[in-house]
Amino acid sequence: MISDKLILDACCGPRMFYFNKRHPNVLYQDIRVEEKGYIPIRPSCEVQPDIVMDFRKMSHPDKSFKMVVFDPPHLITGGENGWIRKKYGILNKQTWREDIGQGFKECWRVLEDYGTLVFKWNEESIAIKEVLALFPVQPILGHPTARSGKTKWCIFIKIPEVTYLLM
Ligand SMILES: C[S@@+](CC[C@H](N)C(=O)[O-])C[C@H]1O[C@@H](n2cnc3c(N)ncnc32)[C@H](O)[C@@H]1O
């Protein structure tokens, strides 16, 4: 039987980029739960994943999803009480390379063959080139230039036996 949850969002946060924040085909995952009001200046903001799990070590079987969405924290610094930090999380200065690299590996493992991985990054703290260098495969398309905006979207496709898809 095919599960309704065809899509995994490995770190959904407050689901800001969804047109439908309760899409029935998405399994929303995050490492934390936050109730409404946890950011006083953003009172409707909440983090309510379907499942609390660490993207570095997921218990989903191999090849479980047709699409995986990976939008990890991207800021290295941010005030202890800054609302952006609370809303989107923050990278660990010492371990972010291992954390993001391991997260990508896990997302790739749980993605079906011919499935699509959507990766989002913001270059405020770290250039996307530095992050893509941590991954064993490269995106098929995305933002190869940095002319406009710091937010970058990349699309990967999992073609069996092909380990490198060069831009
Ligand atoms: C940039 S936000 C995601 C924003 C989301 N895409 C949206 O539309 O609102 C990153 C999220 O990753 C979560 N996160 C950080 N480390 C994680 C981990 N090891 N496993 C799962 N989620 C993690 C944070 O709690 C945060 O909610």
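How many bridges join β4 to strand β5 (residues 111–122)? Five bridges connect the two strands, which run parallel; strands pair here if DSSP finds at least two bridges between them. The model is a predicted one, in which local features require pLDDT of at least 70 and side-chain atom pairs count only at pLDDT 80 or more, while totals for chains, interfaces and linings use all residues. Residues are numbered from 1 along each chain as its sequence is written.

The protein comprises three helices and six strands, these being DSSP runs numbered from the N terminus (helices H or I, at least four residues; strands E, at least two). Their order along the sequence is β-β-β-β-α-α-β-α-β. The radius of gyration of the protein is 16 Å, close to the 15 Å that the globule rule gives for 167 residues, so the protein is as compact as a globular protein of that length. This radius is taken over C-alpha atoms, and the rule is 2.2 Å times the number of residues to the power 0.38. Along the principal axes, the C-alpha atoms fill a box of roughly 50 × 40 × 30 Å.

Strand β4 (residues 65–70) also pairs with strand β1 (residues 7–9), in the parallel sense and over three bridges. Within β4, V68 stands opposite L8, and the bridge partner of V68 in β5 is L117.

Among contacts between residues at least 6 apart in sequence, 60% join residues at least 24 apart, a contact being two residues whose C-beta atoms, placed from the backbone, lie within 7 Å.
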